[in-house]
Amino acid sequence: MESRAVPKGTRSGNELIDRVGKEVREAFLREARRMSLAHDAQLLSQGESVRRVYFPVTAVLSLTVGLSSGERSEYCTVGCEGLVGVSALLDRESLGYVTVQIPGDAWVMEAGAFRRLRDRHAALGEAVFGFVLYAMRFAAQAGLCNSFHSIDQRLARWLLTVHDRLSADEVHLTQESLASMLAASRPRVSEAAHRLRAVGLIEYHSSRLRIVDRRGLEAVACECYARTRLP
Ligand SMILES: [Zn+2]
């Protein structure tokens, strides 16, 4: 990939990259390219070799695993705090599917360039490892949540999780994608959304969902939200 000069002090907008220090950040920005990701675009498929690594800036990505029968369940939500495609560091295949849940920008880096950058900068490897630990905790909690908590609690948790990674209160969401995120049927998700709307926590019209009362959603959400909340 063509190298280019990076103005001193430039921040990437991805918090993981911006935390590891100026030298790493400038090296990263010389190798990565920024691109817009469209809603519902699938960036990685389960089992495919990972050729690119994505560092969201304003986009929010959904990581899911799927069954051979087609059902999927989300195990992690990733925004500007992290990255997806970490399997590339070990030249391994993708653990699951990566889909753009909220459209926006991300930095994209070829897998080989990312491995070389990690080899040159131990601080980047440590930051990635820290994020992987967070993602493992998130995935474990998501499994517990889907098994033991009500659909209303899970919907509230998911909306807060996405809201933490957004700069807006309104998102475009279909009931189909919500059902996949929450490992529930569309009718159950629809009923839960109606209940949250009826008590004034959200507005929901034609796939546009707006968070009206964040504190109210926090009161409905289960403990899983606090356990996976960004620091
Ligand atoms: Zn829960």
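## Aromatic pairs, nonpolar cores and a zinc site

Trp107 has 9% relative accessibility and therefore counts as buried (under 20% relative accessible area, with exposed meaning over 50% and partly exposed in between, for a 1.4 Å probe and protein chains only). Phe28, at 0% relative accessibility, counts as buried as well. The model is predicted, so that local features need pLDDT of at least 70 and side-chain atom pairs count only at pLDDT 80 or more, while totals for chains, interfaces and linings use all residues. Residues are numbered from 1 along each chain as its sequence is written, and side-chain values use heavy atoms, with hydrogens and water left out.

The structure holds five aromatic pairs. Rings of Phe, Tyr and Trp (its six-membered ring) pair if their centres lie within 6.5 Å; planes under 30 degrees apart count as stacked, over 60 as edge-to-face and the rest as tilted. Two of the pairs are listed here.

| Pair | Centre to centre | Angle between planes | Class |
|---|---|---|---|
| Phe28 and Trp107 | 6.2 Å | 75° | edge-to-face |
| Phe131 and Tyr134 | 6.0 Å | 40° | tilted |

Phe28 in helix 2 and Trp107 in strand 7 are 79 residues apart; helices (H or I, at least four residues) and strands (E, at least two) are DSSP runs, numbered from the N terminus. Phe131 and Tyr134, by contrast, lie three residues apart in helix 4, and so about one helical turn separates them. Ring pairs also join Phe28, Phe55, Trp107 and Phe114 into a cluster.

The largest nonpolar core has 42 residues, and Phe28, Phe55, Leu61 and Phe114 have the most contacts inside it. Helix 4 provides the largest share of this core, six residues. Such a core is a set of buried Ala, Val, Leu, Ile, Met, Phe, Trp, Tyr and Cys residues joined through side-chain atoms within 4.5 Å.

In helix 3 (residues 111-120), the residues Ala111, Ala113, Phe114 and Leu117 are buried. Viewed down the axis of helix 3, the buried residues fall within an arc of 160°, so they line one face; the arc is that of the directions from the helix axis to the C-beta atoms. The face turned away from this buried side carries the exposed Asp119 and Arg120.

The zinc ion is coordinated by Cys145 (SG), His149 (ND1), Cys222 (SG) and Cys224 (SG) at 2.1 to 2.4 Å. Donors are N, O and S atoms within 2.8 Å of the metal (3.2 Å for Na, K and Ca); water is not among the atoms, so sites may look incomplete. The donor atoms subtend angles of 98 to 123°, which makes the arrangement tetrahedral (four donors with all angles between 85 and 135 degrees). Both Cys145 and Cys222 are buried.

Key. Four donors count as tetrahedral if all angles lie between 85 and 135 degrees; four count as square planar and six as octahedral if opposite donors are over 155 degrees apart and all others between 65 and 115; anything else is irregular.
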